[in-house]
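Biologist: Please show me the model, and then let us go through the words used to describe it, one term at a time.

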Amino acid sequence: MSRTLEVTSTNGARLHVEVHGPEDAPPVVLSHGWTCSTAFWTAQTEELARDHRVIAYDQRGHGLSPYSPVCSTDALADDLEAVFAATLAPGERALVVGHSMGGMTIMSASARPRFREHVAAALLCSTGSGRLTAEARVVPLRAGRVRTWLTGRILGSSLPLGPVTPLAKKILKYATMGPGSAPHLVDACARIVHACPRNARHAWGGVLDRLDLDHGVRQLTVPTAVLHGTADRLTPSSHARMLVAELPNCAGFTELFGMGHMTPVEAPEAVTGRIRELVTLYVTGSIPVRLEEGA
């Protein structure tokens, strides 16, 4: 069972939302990253919708959600709250999963009343809370002011990406995926990224360049797991380890060896499996009893 709806958020932003699976199944909300869309979650949606209610939406300006001139971390939080209000019953609790900018959405919304009403647990995939341009390794130079400046110009570029060519796929694979990524997965990611309108890519790239959500990490009090690819150039391991150290209620750290930034596409079974585990533990309430030592 699948349905789509249009949700209106702040500033009149209209969001394309998809709901897949049985209406009475445990809910999972999927929030995609910069330059992506609901198509990014295809593997997770197809697998989970058999026995979960999967709610996926296009961030404003991405996919089928029209561009909005208001682009900020507060807008990301507003949109997530709007999706909750439109798809979850009062008091109903879900697992929320965010990849890259989707994880930043979760951090930005962490102290919001509707977030705390509806979120039982969270999974942060391939994301960070700040210092993105300083720590990214997309530009093959030593860390420093020049690399940071160049990375910022790349994030904020308004140049068109053009068609999906072999060269374009080679560049995208280098920047965002692990070296062993299969050609069909590289092609899928390239088509998703190249479909993002350049005005949205430019505007949201500027938001990422200025990102500072450390406070949101400290306010993310629900059980929160972190998942990361060891070959990630956009959000290297330093980001994942900072999240693990700063989260008030870290629910585990999964490292995927050889995977890049696009973990839900590169390692769909691992990501989907982690989602299932977290739903079982925190949404459906099947948390195993842990005996005290010596009991």
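Modeller: Helices (H or I, at least four residues) and strands (E, at least two) are DSSP runs, numbered from the N terminus. This is a predicted model, in which local features need pLDDT of at least 70 and side-chain atom pairs count only at pLDDT 80 or more, while totals for chains, interfaces and linings use all residues. Residues are numbered from 1 along each chain as its sequence is written, and side-chain values use heavy atoms, with hydrogens and water left out.

Biologist: Where is Arg53 placed?

Modeller: Arg53 belongs to strand E4, which covers residues 53-57.

Biologist: Why is Arg53 called buried?

Modeller: Buried means under 20% relative accessible area, exposed over 50%, and partly exposed in between (1.4 Å probe, protein chains only). Arg53 has a relative accessible area of 3%, and is therefore called buried.

Biologist: What makes the pairing of the Arg53 and Glu92 side chains a polar contact?

Modeller: A polar contact is a pair of N or O atoms within 3.5 Å; within protein, one must be able to donate a hydrogen and the other to accept it, and residues adjacent in sequence count only if both atoms are side-chain atoms. The side chains of Arg53 and Glu92 are joined by such a contact of 2.9 Å.

Biologist: Which residues does Arg53 touch?

Modeller: Contact means heavy atoms within 4.5 Å. Leaving aside residues up to four places away in sequence, Arg53 touches several residues, including Val19, His20, Pro22, Thr87 and Leu88.
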